[in-house]
Amino acid sequence: MVESEFDATGVGIRRMLRSLTRAGHVLVRDGELVLMTSYGSEIDSAPVDEVRISGYGLRDQALATLRGRSYVLRLGLRHREGLLSAVRTARAKSAAERGVLGT
């Protein structure tokens, strides 16, 4: 099993006004962002190249857009910065593997 670049539990996940889980799981692994319920069921996932993360103006939350679907993630400040960093790193790895960097 591949080790995750980012792994946070106890994350509140909402799809705009609708709460999907109050204690979800957010993973970045193998170049993919995965949102899961507290029971381990997948809510949504997408390759990091198709994910947009915004933390601007949100203290302990992030707005994640996966293939056009937006989710509000209540992560806590420390985990929010970790998620932003993990997505940037995963994108860079993906680009390097495709040979996009350095050409």
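User: Let's start in strand 3: which residue there is the bridge partner of Arg29?
Analyst: Quick note before the answer: this is a predicted model, where local features need pLDDT of at least 70 and side-chain atom pairs count only at pLDDT 80 or more, while totals for chains, interfaces and linings use all residues. Residues are numbered from 1 along each chain as its sequence is written, and side-chain values use heavy atoms, with hydrogens and water left out. Strand 2 (residues 18–29) and strand 3 (residues 32–36) pair antiparallel over 5 bridges; strands are DSSP runs of E, at least two residues, and helices are runs of H or I, at least four, numbered from the N terminus. Across from Arg29, the partner in strand 3 is Glu32.

User: And which residue takes a positive phi in the hairpin of strand 2 and strand 3?
Analyst: That hairpin has 2 residues between the strands. The one with a positive phi, near 50°, is Asp30.

User: How many bridges join strand 1 to strand 2?
Analyst: These two run antiparallel, and two strands count as paired if DSSP finds at least two bridges between them. Val11 stands opposite Gly24 in strand 2. The count of bridges between strand 1 and strand 2 is 8.

User: Which element gives the most to the lining of the largest pocket?
Analyst: A pocket here is an open set of points on a 1 Å grid over the protein atoms alone, where a 1.4 Å probe fits, with protein on both sides within 12 Å along at least five of seven lines; lining residues have an atom within 4 Å of a point. The lining includes Ile53, Tyr56, Arg80 and Leu84. Strand 5 (51–54) and helix 1 (77–98) are the elements that give two or more residues. The top contributor, with 5 residues, is helix 1.

User: What is the radius of gyration of the chain?
Analyst: From the N terminus on, the elements run β-β-β-β-β-β-β-α. The globule rule (2.2 Å times the number of residues to the power 0.38, with the radius taken over C-alpha atoms) gives 13 Å for 103 residues. The chain comes close to that, so it is as compact as a globular protein of that length, with a radius of gyration of 13 Å.
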